[in-house]
Structure formats: structure tokens, C-alpha cells
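Work through the exercises below with the sequence and the model in view. Each task is followed by a solution in steps.

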Amino acid sequence: MATHPTTAAPGADRAPHGRRVIVAWLVLSIVATPLVAIFLGPILPPGNASVQGSGQVVDNTVLTATITPVFCLLLVFFVYVLTRFRAAPATALEDGPPLRNHNGIQVTWIVVTTVVVLSLAGFGTFELLQNGSGGGQGPSPVAVPAGADHMMQVQVIGQQWNWTYRYPGYGGIETQDLYLPENTYVVLNVTSLDVIHSFWAYALGVKADANPGVDNVAYLKTKGPRSFEIRCAELCGLWHGYMYQTGHIVPQSQFAAWIKQQQTLNASIARYMPKYSRSYYPDPQRRGG
Amino acid sequence: MSTMAVDVHPPVWRRLIGFNLLTGVILGVGGWYVGWFGAHAVVAPSLSFFGDIDFNELSLVLAYLGGVVGFLTGLGFLNYPLARLRGYPSSLREKETQGVGRYFTLCTDHKVVGIQYLWGIGLFFFIGGLNAMLIRTELLRPAHQVFPAGTYLTIVGVHGSMMMGMMTSGILGPFANYLIPLMIGARRMAFPRIEALTFWILMAAGVILQTTIFWGGFPTGWTGYEPLNIEAYQGMDCYILFFALVGISMTLLGINMIVTIVTMRAPGLTWTRLPIFAWGVLSTAILMALAAPVLVCTLSLALFDRVVQTNFFVAAQGGSSYLYENLFWVFGHPEVYILALPGFAIVLEMLPVFARKPLWGYRLAVAGLLGVSLLSWFVWQHHIFVSGINGDLRPFYMLSTELISIPTGFTFICGMMTLWRGNIRYTTPMLFCLAWFFNFLLGGLSGVFLSDVPSDVTTHGSFFSMAHFHYTIMGGLVFTFFAAIYYWVPKMTGIQLSERLGKIHFWWMFLAFNSTFAPLFAIGFLGQPRRAVTYAKSLQFLNDWVSVSAFALGLSLLFFLATFVYQLAFVKKPAEANPWASRSIEFQLPSPVPVHNFDRIPVFSSDPYGYGEGPAPSWTPAGAPAGRD
């Protein structure tokens with residue numbers, strides 16, 4: 001079948017295909033985008049349990065609203081093209097018009113995608129610099145919320161396969177559970193004793209890797225009292241899947257009572273504890289090799 | 001052209017003696033034991049002095065290296081260099097081998113290597129897929145364990161490594177090796193023996209990865225993060241050796257492709273007439289040749305840390321786990337474009353044939369492929385946004401990651417405008433190409449969330465990112481892999497595949513694929529971490545849905561395998577030389593393609609996309625006369 005029939009006379013099809021696609025796309029986008037932002041936006045993760053979480057919800061809503069018209073464009077285009085330009089069996093091998101290029105379309109496409117991309121990057125950077133968005137920023141954070149020097153510090157220590165917490169503002173005591181006071185700005189200093197873990201408090205919008213020998217800083221402003229799940233989000237060995245806990249945001253008075261109780265518990269073991277430090281090098285290192 | 005003077009078949013047992021796969025396996029096993037006992041004899045006394053005899057990593061590593069050397073020797077890879085050292089003239093005798101036996105030997109015919117790759121990669125693809133089925137079996141229940149925890153991690157790791165390691169050559173191995181010399185009008189690849197070497201190294205690597213189960217498996221997943229890597233048992237060495245060998249294979253494959261495409265194009269095949277598939281292969285090969293060596297070096301450091309107690313990645317001794325993360329992703333992000341770019345090229349190569357129109361915006365398409373190839377070097381830290389890297393750099397990596405969607409968009413607009421006002425035939429390969437648009441669109445749009453640092457805080461390391469890269473890699477690479485099979489296998493084997501069975505396979509796979517991975521976006525958004533064996537009870541319904549869909553997806557692949565083998569082995573419907581009425585040169589050659597491809601080297605006068613621009617150019621002008629390679 002080495003036949004290459006020539007095309008039908010060029011320009012035979014004068015229907016306004018382009019205009020139809022663009023109009024259908026505009027109508028669909030103008031309807032769909034607000035609907036997505038209004039109805040899908042509020043249920044996007046991670047929820048409003050913290051200021052950082054709320055910021056991420058806004059961020060996710062903007063991103064979803066931005067990609068909606070893109071999705072609509074391709075949807076409309078492909079539905080139209082794949083139905084309208086379907087080959088009839090009799091003329092299946094007839095060639096289409098030899099369109100090789102169109103500078104206007106190329107330039108428009110490049111300009112529009114570039115503008116969208118640069119706006120997304122600008123928006124993301126702006127959001128990030130507000131308060132760090134709950135992400136781990138390493139030992140010398142850049143996106144620092146105002147008043148960071150006076151914030152409550154909590155050290156999160158990942159170890160195979162558990163999390164423990166130290167409160168340097170309360171004598172460096174170490175606890176098995178994470179309690180945070182409500183409506184408080186907290187600095188989380190995340191580190192690890194062995195391999196890489198990742199501290200993920202999903203509902204609070206916090207994720208920070210726990211690296212051995214590194215102090216990974218994340219900022220968090222809590223809202224009202226609630227419990228939240230903590231998981232490890234970086235594969236850390238055998239019981240990675242079981243490395244979860246429940247953390248608590250509690251009223252100020254309850255937090256004060258809890259921390260007092262923990263201080264009492266810690267008093268008896270205080271002299272065995274390593275001095276509070278931004279990172280630890282336990283000895284001996286576990287080493288299989 | 002060819003050649004075998006005598007057509008008398010010796011008895012089977014006689015044909016098994018010589019340099020072939022059987023000898024390779026025997027010498028491979030022998031080499032393994034030589035390495036094992038050799039290293040043991042040297043190292044054991046000192047180890048027993050330190051009371052650490054159970055952890056003799058050195059023996060294991062040298063055993064595997066001895067095995068690889070034995071395997072390659074048995075296949076005959078040392079014959080040629082030794083003959084040259086002894087003063088014999090250069091030749092390509094391996095190319096003239098005939099019969100089925102050549103698929104089990106060192107053969108330097110690029111068409112044989114292509115078919116070897118197709119079956120070899122296919123085998124490991126199915127092993128990887130089987131592991132995916134086991135993963136989804138485990139995740140049917142939120143907490144109940146089907147597999148022991150360590151076994152589950154090994155399954156996850158083998159699935160990931162197998163897919164990311166073997167499938168990097170999924171298009172370039174079978175299809176580029178087979179087609180690039182044809183498309184550029186050459187009789188062979190630039191380095192035919194290296195071409196064969198890449199394949200056999202890859203097979204050795206795949207087997208080594210599988211043997212990890214005898215050494216306790218490995219707990220790190222396909223990324224092999226430090227320092228968990230150092231802490232792991234000996235199964236980890238299998239992962240390291242596997243990926244290092246894959247890296248060596250990729251580097252050689254990449255260099256071979258670059259040199260072939262740059263230096264061996266026939267007269268008249270200017271850069272603007274090169275088939276877009278060759279551009280895709282070139283941009284991928286550049287990434288392979290430059291990125292894979294980083295992987296080999298990184299894994300060598302990891303191996304030293306494990307075997308000879310260096311401290312590149314041990315924080316307490318002055319090393320850094322960030323060093324590994326960065327080095328790994330310097331390789332790892334180009335790696336994912338090594339997987340994706342051939343898919344772009346295949347889609348752009350096939351759309352003109354099935355829309356009966358020239359490729360729209362050829363130069364833009366080339367710019368897109370090369371642009372992705374270039375930009376993919378500057379985005380790797382988006383894999384470690386929340387790891388505590390230098391915070392100043394995150395806006396830069398956010399920007400560079402989002403910039404890469406511009407050249408990716410070039411592929412989209414060129415493909416879309418090629419379809420525009422075309423005469424579209426819904427053949428099986430075309431359906432797979434159209435599915436690419438849908439899958440890669442969802443993959444790309446979900447990538448927007450992962451590239452945006454605030455949004456990535458939640459989506460990183462969750463099932464959302466897992467769904468994202470399955471949409472881009474399985475939806476992008478594997479769908480185009482099947483498009484390529486349905487499109488080119490008739491040319492490669494001379495056997496036509498059934499359109500009806502192909503379409504059943506397509507719709508089954510397409511629906512099952514989307515039913516499997518679309519819910520994973522939701523599961524990730526709802527907070528399920530990757531690679532964790534437990535999940536929230538509230539997510540069980542979605543996970544069960546995904547598991548059942550995944551089984552359907554697995555069955556669709558089994559359906560493909562069964563129909564494919566059945567048609568090739570039993571139906572054997574002869575294929576026309578040009579079943580798709582393509583203007584590309586490989587379809588102007590007879591099926592199957594003769595050993596030396598062209599009687600006369602063709603002279604090109606246009607690109608292969610001139611649909612609607614008059615009769616196809618003749619491909620057999622008075623070029624250079626036929627000759628030996």
C-alpha cells in the first residue's frame with residue numbers, strides 16, 4: 001500500500017473551526033473556573049487548622065483555578081478535533097491540507113504559556129515568603145514570620161521508628177507526645193538521630209524532613225484546639241509505615257498543666273539526658289555494611 | 001549481501017557450544033563464585049579478627065562483579081578486543097549470524113539488538129508490574145499485613161527500581177536501536193559492539209536486582225537514600241550494583257545514539273529533515289550520556305561507604321545525607337525526562353501519519369525537545385523542597401520547574417496543530433498517542449501543585465506525587481511504548497498485529513489506568529504517604545477501588561502479552577511493507593528489513609512529513625554503492 005493520494009483541493013473546508021473552538025473554550029472556562037474556585041477550593045487540602053494550612057488552601061485554590069482553563073482548552077480542542085476531523089472510511093488515506101506553520105499561533109502560544117508560568121512562579125514565591133508555608137527551610141530559614149525570635153520552640157526528633165519532642169523553653173524536657181498551645185506561633189526544629197525521616201502533620205500543613213545532624217526549621221501558627229495525625233513521609237526503613245502519632249493543640253491553661261506534669265516526669269531522668277542541642281550524633285552509629 | 005555458505009544445521013547440542021547466552025550464564029555463575037571465594041580468602045581473616053564475619057560485603061560485591069565479567073566473557077565480548085590485540089583485522093562478523101540463535105548471542109546487527117531489547121525489557125517490565133500487583137494487594141487493607149514489613153519494602157523498591165532502571169531504555173533500547181540507522185539511512189549504529197554490550201549489561205543488571213531477595217532485600221525504595229542505604233543488609237548491594245550497571249548501559253547507549261545521529265546521517269539528511277523521532281532520541285541520549293555517569297559515581301560512593309567504611313554520607317563522621325540527595329536527583333531529574341522525552345517524539349512522529357498532515361511547527365517541536373532536555377538539568381531540587389536545603393534556592397527551583405512546562409507545551413501545540421483539520425484515522429497506535437495527550441495533560445497539570453513550594457509541602461511524598469509521576473511515566477512512556485509496538489513491530493517482525501485485539505487492549509488499559517491513578521490524586525490530597533504500609537481507615541474504599549483497578553490494569557497487560565505472543569508465534573499474518581501508508585523511510589524498505597538495510601545509501605531531499613505536498617520522494621537514488629560495513 002504505497003499509495004499517497006494527493007489532498008482534496010486546499011481551502012475546500014471553509015467552516016470557522018478556529019472561532020468555534022475558541023468561543024466554546026471561553027464559555028466553558030468562564031463557567032467552570034468560578035465553580036471550581038468556589039466549590040472545590042474550600043475542600044482542598046490541608047484545611048484550616050493552622051495559618052500555614054489556610055495559606056496552602058488559598059494557594060491550592062488559585063492553582064486549581066489557573067489550571068481549569070488550560071484543562072478546558074484541551075478538552076474542547078480534542079473533543080472538537082477528534083469528532084469533526086475524523087476520517088471517513090472511503091477517504092481514510094486522503095491527505096489533509098499541508099499546514100506546516102503559523103507564526104501567529106506559535107507566538108501567541110509561547111507568550112501565553114510564558115505569562116502563565118511566570119505568574120505562577122511569582123505567586124508561589126510570594127506565598128512562600130509570607131510565613132514559610134509550613135515547609136522545612138533548613139538551619140537558616142529565609143521565609144521568617146515577624147517575631148520569630150520570641151516564638152515557642154519545639155524540637156522534633158525523628159528516630160527509627162518514633163517521634164519524640166523537646167521543649168527548650170521548658171528546660172529541654174523530652175516528651176513522647178506533641179502538645180501545642182492554641183493560637184501560638186511555634187518554631188519546629190526538626191532533626192533525626194539516624195536516617196532521614198519527614199515530619200508530616202497533614203492537618204496543620206507542616207512537612208519538614210528530619211536529617212541526621214541538621215536542624216530543619218519550620219514555622220507554624222496554631223489555631224483552635226484539636227487533635228491531628230503525624231506521619232513519617234520519608235521512607236526510613238522497616239517500620240516506616242507504623243511511624244505515626246496523634247498530636248494535640250490544646251488551650252493555653254491545659255498546655256501549662258501538661259508541660260508542668262512533663263517537667264515532673266523528666267526531673268528524675270534529667271541527668272541522663274543529653275544537653276539540648278540543635279542536632280545530635282548518637283554513638284554508635286548503626287551500620288549494616 | 002550475506003553470506004552463510006553452508007546451510008547444514010549441526011545438531012542442537014553442537015550449536016549450544018560456543019559464545020552464547022548459555023556459556024554466558026555458566027561463566028557468569030562461575031565468575032560469581034570466583035569473586036566470592038577469592039574475596040573471602042583475602043578478607044575473611046581480617047574480618048574474623050574483628051568478629052564481623054557476617055557482614056562480608058566485599059565478597060558479595062566482588063562476586064557479582066566476577067559474575068558480570070564471566071557473563072560478558074561467555075557471550076564473547078572479549079573475543080574482538082583480544083583478536084585485535086593479537087593483530088587480526090577489524091571486522092563485524094557477528095552481524096552475519098543467521099537464525100533464531102543470534103537472539104541469544106552477541107549480535108552486532110542493530111535490528112537483532114532492537115528485538116533483543118524488546119523482549120528483554122518486556123520481561124523486566126512484567127516483573128516490575130507483578131510487583132505493583134503485590135503492592136496493591138498489600139494496600140487492600142489499612143493495617144492488616146499480607147507481607148512482612150521488610151518484604152513489602154523490597155517489593156516497593158524492586159518495582160520502582162525495575163521500572164525506573166529498565167524502562168529508561170524502554171524506547172531507546174528496542175525502537176531507537178532498530179529504527180535510528182534506518183531513519184538516517186545508515187547500515188548500522190556507530191558502535192555496534194557497544195550497542196550489544198548495553199543490552200547484555202542491562203540483562204545482567206536486571207537479574208542482579210532480582211537476586212536481592214536472597215540477601216534480605218533492601219528497604220530504601222528506588223531512590224536508595226542515605227544513610228538508610230548504609231544501614232541496610234546485603235540486599236542493598238544488589239540495588240547499588242543494579243543501578244550502577246544500568247547507568248553504565250545508559251551512558252554507552254546515549255553516546256552511541258549521539259555519535260550515530262551526528263555522524264552517520266545519509267547525504268541530504270540535514271538537521272531540519274531529520275525525523276522528529278530522531279530528534280527525540282538525540283535529546284534523550286544527551287541526557288543519558290551526561291546524567292547516568294553521575295548516578296554511577298554516586299552509587300560508587302555509596303558502595304564505598306558500605307564496603308570499605310568511607311564516610312561520604314555519614315553525618316556523624318563529617319559526611320552529609322544531602323550530598324546523596326543532591327547527587328541522586330542531579331541524575332534523577334534528567335532521568336524522568338529520559339523516560340518522558342521519547343514519548344513526546346513518538347507522538348509527534350505518528351500524528352502526521354494518522355492525521356495525513358505534515359508535522360506542524362517542526363522547528364518549534366525540536367526546540368521543545370531540546371529545551372526540555374536542557375532545562376531538566378536545573379530543576380532537581382524540587383524533589384527536596386522540604387528537606388531543609390538552602391531556603392534561598394527554593395524560589396529559583398520553583399521557577400525553573402515551572403519554566404519547563406513551556407517547552408513541554410511546544411510538544412502539545414505542535415501535536416494539536418498537526419491534528420487540526422487533518423483526516424484522522426483511529427488506528428491502535430494512534431489511540432495510544434491520543435491517550436498520551438490526556439495522560440500527560442493530567443500529569444503536567446498535577447505537576448503544577450508539586451512545583452509550587454507552598455502546595456508541595458502537603459503533596460510532597462504523598463500519593464499525589466506518586467499519581468503525578470505515574471501519569472507522566474506510565475501514561476506518557478508506557479502508552480507510547482505500546483503505540484510504538486503496534487506501529488513498528490509489523491515492520492520489525494514482518495507480522496501484522498490485529499487492529500481489533502489492539503483496540504480491545506487499548507480501551508481496557510486506558511480505562512483501567514485512569515481508574516487506578518486518578519483516585520490516587522485524591523488519596524494523596526487526603527494525606528496518605530507513599531511507601532507506608534498502613535493508611536487511615538477512612539481511605540480504605542478509595543484504596544480498594546485503586547487496587548481492583550490496578551488488577552484490571554495488570555490483566556490488560558497480560559491480555560496484551562497473550563495476544564502478542566499468540567499472533568507472533570501462531571497467527572503470523574504477514575505484514576505489508578507499509579501498513580500505515582507512512583512516508584517515513586523505514587516503511588519504504590521490505591519487511592523484514594535486509595541485514596545491511598540499504599542496497600544503496602539513500603539520498604534525502606525532504607523530511608518524511610510531506611503529506612498533501614505531492615507524491616512521496618523516491619528513496620533509492622544513486623547513492624553510494626552497497627558495501628560491507
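**Exercise 1: two domains of chain A**

The C-alpha centres of domain 1 of chain A and domain 2 of chain A lie 35 Å apart. This is a predicted model, in which local features need pLDDT of at least 70 and side-chain atom pairs count only at pLDDT 80 or more, while totals for chains, interfaces and linings use all residues. Residues are numbered from 1 along each chain as its sequence is written, chains are lettered from A and ligands numbered from 1 in the order in which they are written, and side-chain values use heavy atoms, leaving out hydrogens and water.

Task: describe how domain 1 and domain 2 of chain A meet.

Step 1. Domain 1 covers 17-85 + 112-134 and domain 2 covers 148-272; such bounds come from an automatic or database domain assignment.

Step 2. In the contact (heavy atoms within 4.5 Å) are 13 residues from domain 1 of chain A and 15 residues from domain 2 of chain A.

Step 3. Together the two domains of chain A bury about 1,000 Å², 48% of it on carbon and sulfur atoms. Buried area is the accessible area (1.4 Å probe) that two parts lose on being put together, summed over both.

Step 4. Of the area that domain 1 of chain A buries against domain 2 of chain A, 47% comes from A:Pro46, A:Ala49 and A:Gly134, more than from any other three residues.

**Exercise 2: a residue of chain B**

Task: is B:Thr427 buried or exposed?

Step 1. B:Thr427 has a relative accessible area of 9%.

Step 2. Buried means under 20%, exposed over 50%, and partly exposed in between (1.4 Å probe, protein chains only). B:Thr427 is therefore buried.

Step 3. Not counting residues up to four places away in sequence, B:Thr427 touches B:Phe354, B:Glu499, B:Lys503 and B:Trp580.
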